[in-house]
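Open the model in your viewer and keep a selection panel at hand. The stops below go from one selection to the next.

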Amino acid sequence: MRTGVARGHVGNFHEAGLYSSDAEFLSLIVPFVTDGIAGGEPVVIGYDDRKCDLLRAALPRSDEVTFIVDKSLYASPAGAIEAYRRQFERHLAAGAGQIRIAGDVPHEGNGGRFAGWDRYESAVNTVWQDYPVWSRCLYDATAVADDVRDVVERTHRRLVTPDGGAGDSPRYQDVGEFQSLSPPVDPLEASTPTAVLVDAPLTQTRRRIADIARGRVGATTLDDLVLALSEALINAQSYGRRPITVKVWTAEGRVVVHVHDTGSGPASPLIGLVPTPEGSAGAGLGLWLTHQLTDIDVALVTDAAGFTLRLRGGRLPVREDGFAGDTTLRAGTPYGASPSPRNVHAVDGDGSSFCDLIGAATLVELAGLCWSDVPGDQRCPECQTLMGSYARG
């Protein structure tokens with residue numbers, strides 16, 4: 001039996017809240033968790049180490065609460081949907097009447113990339129309808145961009161506030177009417193492609209792209225790229241409209257591939273996020289498998305010229321990851337020590353140092369200090385070197 005305001009609701013009771021401090025974060029999440037504990041409901045928490053430590057200090061010990069700090073949970077939208085689905089199945093098999101979840105969707109404000117997660121936030125309103133889930137998505141109001149806030153309001157039926165207020169989102173859109181964000185343009189796409197193949201056989205295309213990409217990206221990324229290319233070509237040949245054009249661009253440490261056909265593209269808004277979205281025929285499984293490849297960035301682009309599946313392997317462009325220009329990448333020091341020569345690190349999305357030399361349990365963010373504001377002699381040389389690698393990519 002479901003408890004709280006989700007009582008009687010079928011499927012995912014999906015709500016969101018914005019906070020501006022740790023105190024507001026706790027006021028939004030602690031009652032949500034403790035009420036679940038009191039009702040004997042399993043609670044799944046998917047935050048970084050720092051936020052999980054805050055919660056552990058504020059919450060009573062309970063076997064009902066599961067903390068997932070493994071970054072792989074939010075490695076990809078399709079992967080997160082499937083990982084949570086397995087959690088739901090396990091808890092339902094154990095007799096749960098309702099399952100509460102809360103996690104930190106990646107976006108540029110927390111060191112991640114929001115591209116694709118807008119579709120996730122919309123899709124879970126439908127794909128989890130078979131499960132009695134109450135999901136509360138919390139976003140840091142001081143770090144989210146306007147387009148992320150816009151998506152939050154359009155993908156959550158209910159909005160909650162730190163003072164205990166709550167109400168329906170007047171801007172909520174059902175999955176069928178939701179308009180996803182346009183994928184960010186890759187700078188390489190403005191240059192001349194390294195190769196262009198039109199209606200070439202699958203085997204020939206795979207071999208040519210593999211030869212071009214080899215040495216540009218690692219072996220695992222190359223294997224995943226070729227697999228994703230194969231699935232894209234099979235779908236284009238089976239469900240698209242000729243001509244089918246494959247373009248590839250390369251840079252040091254990075255490869256971009258377009259598979260384009262002149263058809264209208266997949267009709268289902270869930271394509272790629274679940275194995276077989278309704279109405280997608282056999283196209284659903286291949287695109288879902290492609291979206292499971294965490295080494296490959298996947299974007300679906302439909303325009304007047306047709307449908308393009310864009311695949312990218314290797315390091316992504318600097319400005320997409322927020323490491324250039326008016327960057328908001330945060331800075332921190334071990335145990336919060338005062339900045340001194342070479343002890344200030346860039347803070348990655350999981351709260352660790354960008355160079356991975358200092359973990360989240362040790363690295364403390366410096367309030368109000370961005371990496372771009374750190375004097376050059378205080379910057380960790382390993383973080384600085386990695387920044388340079390991104391800039392050259």
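## Stop 1: the largest cavity

Select Tyr74, Ile101, Tyr120, Ser135 and Cys137, which lie nearest the centre of the largest cavity, out of 14 residues that line this cavity. A cavity here is a set of points on a 1 Å grid over the protein atoms alone where a 1.4 Å probe fits but cannot get out, and lining residues have an atom within 4 Å of a point. The model is predicted: local features need pLDDT of at least 70, side-chain atom pairs count only at pLDDT 80 or more, and totals for chains, interfaces and linings use all residues. Residues are numbered from 1 along each chain as its sequence is written, and side-chain values use heavy atoms, with hydrogens and water left out.

The volume of the largest cavity is about 90 Å³; a volume is the space filled by probe spheres set on the points, which are joined across faces, edges and corners. Colour β4 (99–103), α4 (117–127) and β5 (133–140): each gives at least two residues to this lining. Helices (H or I, at least four residues) and strands (E, at least two) are DSSP runs, numbered from the N terminus. By class the lining has nine nonpolar, three polar and two charged residues. Ala, Val, Leu, Ile, Met, Phe, Trp, Tyr, Cys and Pro count as nonpolar, Asp, Glu, Lys and Arg as charged, and the others, Gly among them, as polar.

## Stop 2: the seven-stranded sheet

Stay on β4 and β5, which run parallel and are joined by five bridges. Glycine 103 is opposite cysteine 137 in β5. Now extend the selection to the open sheet of seven strands, ordered β3-β2-β4-β5-β1-β6-β7, with mixed pairing. Two strands pair if DSSP finds at least two bridges between them. At the edges are β3 (65–67) and β7 (166–168), each of which pairs on one side only.

## Stop 3: Arg50 and two spaces

How many residues line the second largest pocket? There are 21, and Arg50, Asp140, Thr142, Arg330 and Glu365 lie nearest the centre of this pocket. A pocket is an open set of points with protein on both sides within 12 Å along at least five of seven lines. Its volume is about 460 Å³. The largest share of the lining, three residues, comes from β15. Four nonpolar, nine polar and eight charged residues make up the lining of this pocket.

## Stop 4: the five-stranded sheet

Select the open sheet of five strands, β8-β9-β10-β12-β11 in order, where the pairing is antiparallel. β8 (195–198) and β11 (296–303) stand at the edges with a single partner strand each, so one side of each has no neighbour in the sheet. Zoom in on β8 and β9 (residues 245–251), joined by four bridges; valine 198 is opposite threonine 245 in β9.
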